[in-house]
Amino acid sequence: MAESSKLKTGIFSGSFNPIHIGHLALANYLCEYEGLDEIWFMTSPQNPLKAGTELWPDELRLRLVELATEGYPHFHASDFEFHLPRPSYSVHTLEKLHEAYPEREFYLIIGSDNWTRFDRWYQSERIVKENRILVYPRSGFPVNENGLPETVRLVHSPTFEISSTFIRQALDEKKDIRYFLHPKVWEYITEYIRQKGINESSSTPSGDEG
């Protein structure tokens, strides 16, 4: 892929329900080892392929992303998809990003598990044609690098098998999992639970396809 003078900006889209150290460590690797200038953690309000997934309130998930990413200059918390029509499809998000930030070159960040079903994504061929994609490894989902399109690159980051589902279940069981979360996220969640509880979870589908 040809070099560009534009700011290389990774789009890490997800429900972040909640954000955990696996998300952060992966993004840290991509900035320090894969040449990205910034990564935007794009908190997504709805996921077309995950109907029925219980979501914490949008504002809470976004606030936790803000807390987790502050202080590291390459990270940015984004509510960009909150202002787009729902459901939020990647092809539409990327189109609007290119329009709003022509000085940036965007890289869609997805796991190898999502790459294996990428043909199910809305207008997937257009996404591949018009955007750069970084695929990170997920256990059990190998990717043949030789068969990748020109705009798609497999990165060799460590694998992080922590899931937001595990985090939520552990919190329900009142486990002390502070080391699975950014310290400020752990502090905020525990205080939030103490004051309100997280029993008002929305059943609205979460995030993007990824």
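Student: At what angle do helix H2 and helix H7 pack, and how far apart are their axes?

Tutor: In this predicted model, H2 (residues 58-69) and H7 (residues 183-195) pack at about 150°, with axes 8 Å apart. Axes are lines fitted to C-alpha atoms over the stretch in contact, and angles run from 0 to 180 degrees between N-to-C directions.

Student: Why is H2 called roughly antiparallel to H7?

Tutor: Angles over 145 degrees count as roughly antiparallel. The angle here is about 150°, so H2 is roughly antiparallel to H7.

Student: Which residues of H2 and H7 make the contact?

Tutor: Contact means heavy atoms within 4.5 Å. H2 gives Leu-60, Arg-63, Leu-64, Leu-67 and Ala-68. H7 gives Lys-184, Val-185, Tyr-188, Ile-189 and Tyr-192. They divide into 8 nonpolar, no polar and 2 charged.

Student: What makes strand E4 mostly covered?

Tutor: Buried means under 20% relative accessible area, with a 1.4 Å probe and protein chains only. In E4 (residues 104-111), 8 of 8 residues are buried. Arg-104, Phe-106, Leu-108 and Ile-110 point one way, and Glu-105, Tyr-107, Ile-109 and Gly-111 the other.

Student: How do you know that E4 pairs with strand E5?

Tutor: Pairing needs at least two DSSP bridges. E4 and E5 (residues 132-136) have 5, in the parallel sense. Tyr-107 stands opposite Arg-132 there.

Student: What is the mean pLDDT of the chain?

Tutor: pLDDT is the predictor's confidence in each residue, from 0 to 100. The mean is 90. Over residues 200-210 pLDDT is below 50. Where pLDDT is low, the predicted coordinates should not be read in detail.

Technical notes. Residues numbered from 1 in each chain as written. Predicted model: local features only at pLDDT ≥ 70, side-chain atom pairs only at ≥ 80, totals over all residues. Heavy atoms only, no water. Buried < 20%, exposed > 50% of the residue type's maximum accessible area, 1.4 Å probe, protein only. Helix = DSSP H or I, 4+ residues; strand = E, 2+ residues; numbered from the N terminus. Parallel < 35°, antiparallel > 145°, perpendicular 65-115°, else oblique. Nonpolar A, V, L, I, M, F, W, Y, C, P; charged D, E, K, R; others polar.
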